[in-house]
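Have a look at the structure first.

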Amino acid sequence: MAAQTTLAQVQQAAVALGLALRGAFHCEPGDGVPAGRDGDGIKTLVLLGWIGGRQWPSFARSREAGDGAPHPLDRWSKRIVDALATDFDASPFYPFGGPPYLPFQRWAERGDDVFASPLGIYVHPDHGLWHSYRGALGFRERLELPERVARAHPCETCEAKPCLSACPVSAFNPGHYDVDRCAAHVKSVKGVTCFTGGCLARRACWVAPDLAYGVDEAGFYMRAFTAAH
């Protein structure tokens, strides 16, 4: 009988290919996890993604980053997560490719230490606003997972909320993000700082500023954002 896959094995393989382990959970009926590619039920979902700029070089030197075709990061993510799924006999899932879209935000809350920030982006007590989810692996087995320890919401101890006042065009308000106003500013001459260096509201967060994206990575995201809006 083959030994059961461990979370440590998945993490090691993911790191080697340019991804970070972003949490895991045992699936319940309300989680919205689809059946696996073979039709079997999924018992454990393992989230994969990026933290800060640590994994950016793996993508930046990839063939997808330089081939000029659309959606390079999504295509890179699919190639990497598909390879991991094959190696571990798991089912791959992605936060892109819709509509409809899979409930990755719900999954993040189930498997990772994230909380909704005033900007609408999930904030992590250690990674701040500098993290993302690139895919997930669904296992038909119930993998052994470490016990979750409750973490405090970092925004609850932040009285100043500098993220809400840092935007030059006040695109962020509690419970609302004016994406059209944001996009118009970033595309304008006055928005060159945001376009080249990334969102000023995001950079105003006091949590994990050392993990903020570098110029190349921030510029990549802003070009993708303006192209989509």
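A salt bridge here is a side-chain nitrogen of Lys or Arg within 4 Å of a carboxyl oxygen of Asp or Glu. Keep in mind that this is a predicted model.

Q: How many salt bridges does the count come to by this rule?
A: Side chains of opposite charge can pair when their charged atoms come close. Going by the rule, the count comes to 14 salt bridges.

Q: Which residue forms a salt bridge with Arg110?
A: Arg110 sits in helix 5 (residues 104-111), and its partner lies 79 residues away, in the loop between strand 1 (20-26) and strand 2 (44-51). With the closest N and O atoms 2.9 Å apart, the partner is Asp31.

Q: How many residues apart in sequence are the parts that Arg140 and Asp40 tie together?
A: The two side chains meet in a salt bridge, 3.2 Å from N to O. Arg140 lies in the loop between strand 6 (131-139) and helix 6 (162-165), while Asp40 is in the loop between strand 1 and strand 2, so the parts tied together are apart in sequence by 100 residues.

Q: What is the nearest side chain of opposite charge to Glu217?
A: Glu217 is found in helix 10 (residues 215-228). Leaving aside neighbours within four places in sequence, Glu217 is in contact with Trp50, Gly52, Gly53 and Trp56. Glu217 is buried yet has no salt bridge, and the nearest side chain of opposite charge, 8.2 Å away, is Arg202.

Notes: Residues are numbered from 1 along each chain as its sequence is written. This is a predicted model: local features need pLDDT of at least 70, side-chain atom pairs count only at pLDDT 80 or more; totals for chains, interfaces and linings use all residues. Side-chain values use heavy atoms; hydrogens and water are left out. Helices (H or I, at least four residues) and strands (E, at least two) are DSSP runs, numbered from the N terminus. Buried means under 20% relative accessible area, exposed over 50%, partly exposed in between (1.4 Å probe, protein chains only). Lys and Arg count as positive and Asp and Glu as negative; His and the chain ends are not counted. Contact means heavy atoms within 4.5 Å.
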